[in-house]
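The following exercises are meant to be worked through with the sequence and the model side by side. Each task is followed by a solution that goes step by step.

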Amino acid sequence: MSRRPLLAACLLGFLPFAGRAAPPAQDTASAAGRAWAITEVALDRHIAPCSRQEMLLGGTRALLRAAEIDPPADLGRRVSTITTPEQWVAFLREVWPAVRGQKTSELMEEELFKGLVGPLPHSQWLPPLTAKLADQVSNNRYVGTGIQLRIAQEERCPQIVTPFRKGPAYRAGARPGDLIVEVDGKNTQNVPLAKVVDWLRGDEGQPVTMVVRQPKETEKRTLHLIRGKVPFDTTLGYRRAGPDSWDYRIDAGQPVAYVRIQSINSATLHELRQVEGRLQAEGVQAVVLDLRFSGGEDAALHGAELVADGLLDGGVMWRLRERDRVRECRADGECLFRGWPLAVLVDDHMGLPAEAVAAALQDNRRAVLVGERRQLDAVTSLFQGLPGAPAVPPPATEGPARRAAQPQATPTRDLTSIIPLPDGGGALSLLIGRLERAQARRGWPVRPDHAIALTRKQQEDVMQWVRDKELSEIPAGKADQPPEDPQLSKAVALLRLALEKGKEGPASKPAEGR
Amino acid sequence: MTRALSAVAACGLLGGLIAAGFLRSADAPAGPQPHLRRPVALALTDGGRCLFTANAHSGSISVIDTRTLRPVAEINAGRRLTDLIAVGDDRLAAVDEEAGALLLFRRRGSALEPVGRVAVSPFPVNVQVSPDGARAFVASLWSRRMSVVDLSPPPHILRTIDLPFAPRRQLLLPGGAKLVVADAFGGRLAVVDTALGEVESVRSLPAHNIRGLALAPDGNHLLLAHQMLSPRAASTFDDVHWGNLITNNVRLVSLKAVLDPKADLLSGGYLHYLGEAGRGAGDPAAVAVCPDGKLVVTLAGVGELALGPDHKGGWHRLAVGRGPTAAVVSPDGRRAYVANTFSDSVSVVDLKAGKVAAEVSLGPALAPGPAERGEALFHDARLSHDGWFSCQSCHTDGHTTGLLNDNLTDGSLGTPKRILSLRGAGDTGPWAWNGRMPDLESQVRQSLRSTMQGNKPTEEQVRDLAAFVRALPPPPSLDRLRGRVDEAAVRRGREVFDRQGCAGCHAPPTYTTPQTYRVGLADEAGLAAFNPPSLRGVSQGGPFFHDNRAANLEEVFTRYRHQVKGELTKRELDDLIAFLRDL
């Protein structure tokens, strides 16, 4: 049987769709073109892609499912014959279901695109807005008003938890606790939070007006602001010394600094360089890098590559196994904190970028790792919480900490990457490779050199302390008092020992370089 | 009163020399001649009372009375001056790149009298003088040599030392026994034993575009102003914005490590990063030291001066003229003088106040032509996003740092390629590694927008930059500059070149062709058809191929057998290389 009669027979099989109100032909062609582009990118970049026909089948099924139409029995057979974009356009024109109920043509398209990627392991299609946000976040140029919101139960309107320090709202006079009573003249009472967020979102340079008041006050303030980039500091210090400055020393009498890495993205290396200049001038000689619950998605591996390179004076950082090659990532000879002992605090909740940095430092004996690992593979989500805020899951254990069983090491770790699609068609989050440690036998996740557990209370306090660092003001009634933190104490003790002993002793090994 | 008398005395002396036809005074009735000067070097004499500028474009030396802050004279000294230094308190030495000469002057007040001239290796760009004033060390760029000159009359060459790279900055270390020479394009440092006249060591720093070299205030470190290009960053908006792609640095290198060839050059040093997100510090150039230990660094690309570091490691920045490339600090530490190359002026900085006290114009200037405007734009980092780097940052002196950069000029990211020299590139279209740029103007637009992430340039800017690039001659042959051409070998090499059919892609006179070819190479994105780079000036290039895989010309033909038909004998290979090195 030649292909042509088969295709004709297949088309006949879809006669039930004929005569329905379908979208204009050019719309279908456009959707088909974008869908084809998705399969092209996936086939090109995914480490283990399925066939194009499997993707097309997944997309078609999703489309029909969204239209509440049962797919015909021969759908798979028909799709398997599609080998050209022209055939796909013709096929999709024929099968495109009529819009039903509340569903719009755009929603149907979205279902199609999501369905296309469904058969690919660890992959998803990101709608344009989500893709845009993901790109902004991974490069630390999130655009918005720069506030963290919640619903105030008593007043039933949105309340500013905190305006972010470098955001437009903070500059316009927003304060923690402000109730937002109007956005651009629209009353916010009883409006769902998602809707208010939608009102507040917009493009860079666009104005927005908020009317706010403090709880239990009647005086309202009108804030005029221009939406803009909200650069989040990805590195923070030990105690805030002023609106835009930190004290990094844990103890004024000791040359040991604490640098908190809140998340890792394109900005982090730049910030670390600024911090190093300050620490150098202040005579610091050793540093604790706190990577616990440090955010950052797989897509920010580039940021991790920059940071690991910035902290190492050579050596292999890791190997990335892609479909057609193995790329060995090497650090150059230049490094920050040269000759200073480093200790890195790690935990279960680090995102992949932090995990990769910790692994590279450990494998090159550049830092000693202190902390606790109990879970197999920490998962954080880019789309949970506000951009820049660390994803902080609840403590994993109840009651006093105990020495938990070590997680099973795996030789590689999956790496996804966000790849923009042409013509504003969103992006694909694809499994593009597998990350292997420089010392491959160690595997993932990284394990601390010194396992120190925190009690549930200690963990909660540390998390809260770290969260508070991002706020524009220390919450009322709170002092900027670091909590009890045995992991930090251990790291400091190791560094002091390294400083005292010079090049002797286990903790001083990092100072020797590789 | 004293000041007035001094001025009268200086004027009297100047008058005598003007009468001799040597000087042209800024105060003379006819007035100074209008021309482009482009000051590139400064020398302070007479306890800081007299400031001299070496002007590259006009070949003149301008004299500024630092008490009145007025130019008091301008001397036609040569054709293209590239450096100037005080010798003791009564002499000056300058180098003339175009004439290939070291020029000596005797200073009387603010007046100069020529007292000697000696031919040095071609393209001199820097001069240092021994503490006793007896010898000068002249670094020559394209001939990659140092000329050691005995300054006792008549001045004469003592010896010539071959250098393994094209030099620019030099620094004679205290005592005068060792001289440090820095790479003009890449990051190499050589130590020369001045008594033996030998290169003692050559080592590399992660650096390029080394434009400043000085002794640190502690006397134990070298200070270098340079840039670094990250091999891990790409020319995306974000990597440019966060200063990940190119950094602008002042580096301290332990002198002990410099002098010990076995020591780790980076150990005991420190790297300052200049600039921040939103405010890059493109193209640091001169670095000078204040008596209190503070540093003065000119940021040539953004027309600023950085003073610091302060007790928190911060730098105070202030605007000066366009293209500040040289700086000196007055002996009392109260002032810094900055030569603004593209403003034809000197900024006078009150160091205590951290402010510019005055900007002294060197005289009336002629309106620059397109290529001259293009030269200023080429060095202007403000064309890039936030001022992180200029065209000059990677195409140093129109040539190349020899490094790899990942940009969209080849149509893809993730495919870093060697930065090409722009010298002689005006007539070697099409441009870019993939040959997709049909005209130079399109290439300029593409580089400004996608590599430098700058704002959309005006068409005039594009035309001017293209005019500047078109005016750049190819790099000269190293062997010919050194007088080491074996004419017979070159003749035989040409025959090998012809027999091998090299001219099919590298056709004379430009030694390229306007097509792309598949030559068994491919980049990470699968690009396999490459636009052949011109071979003119190939002796000044390397490593070779798009990804720098071949360390030298020999490797091109032996290890990679680049389009070699059959087997080349050792002699054929040597002859072919001799021919290529003569282009």
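**Exercise 1. Find how many aromatic pairs the whole structure has, and describe the pair of A:Y238 and A:Y258.**

Solution. A search of the whole structure gives 14 aromatic pairs over all chains, where rings of Phe, Tyr and Trp (its six-membered ring) pair if their centres lie within 6.5 Å, and planes under 30 degrees apart count as stacked, over 60 as edge-to-face and the rest as tilted. For A:Y238 and A:Y258 the ring centres are 5.5 Å apart and the planes stand at 70°, so this pair is edge-to-face. The pair links distant parts of the chain, 20 residues apart, with A:Y238 in the loop between β10 (235–236) and β11 (239–242) of chain A and A:Y258 in strand β13 (residues 256–261) of chain A.

Before going on, note that this is a predicted model, in which local features need pLDDT of at least 70 and side-chain atom pairs count only at pLDDT 80 or more, while totals for chains, interfaces and linings use all residues. Residues are numbered from 1 along each chain as its sequence is written, chains are lettered from A and ligands numbered from 1 in the order in which they are written, and side-chain values use heavy atoms, with hydrogens and water left out.

**Exercise 2. Work out how α6(B) and α7(B) are oriented to each other, and which residues make their contact.**

Solution. Helix α6 (residues 440–451) and helix α7 (residues 459–470), both of chain B, pack at an angle of about 115° with their axes 9 Å apart; helices (H or I, at least four residues) and strands (E, at least two) are DSSP runs, numbered from the N terminus, and axes are lines fitted to C-alpha atoms, for helices over the stretch in contact, with angles running from 0 to 180 degrees between N-to-C directions. The two helices are therefore roughly perpendicular to each other, a term for angles of 65 to 115 degrees. The contact (heavy atoms within 4.5 Å) is made by B:L440, B:E441, B:V444, B:R445 and B:L448 of α6(B) together with B:E459, B:V462, B:L465, B:A466, B:V469 and B:R470 of α7(B).

Note on methods: Parallel < 35°, antiparallel > 145°, perpendicular 65-115°, else oblique.
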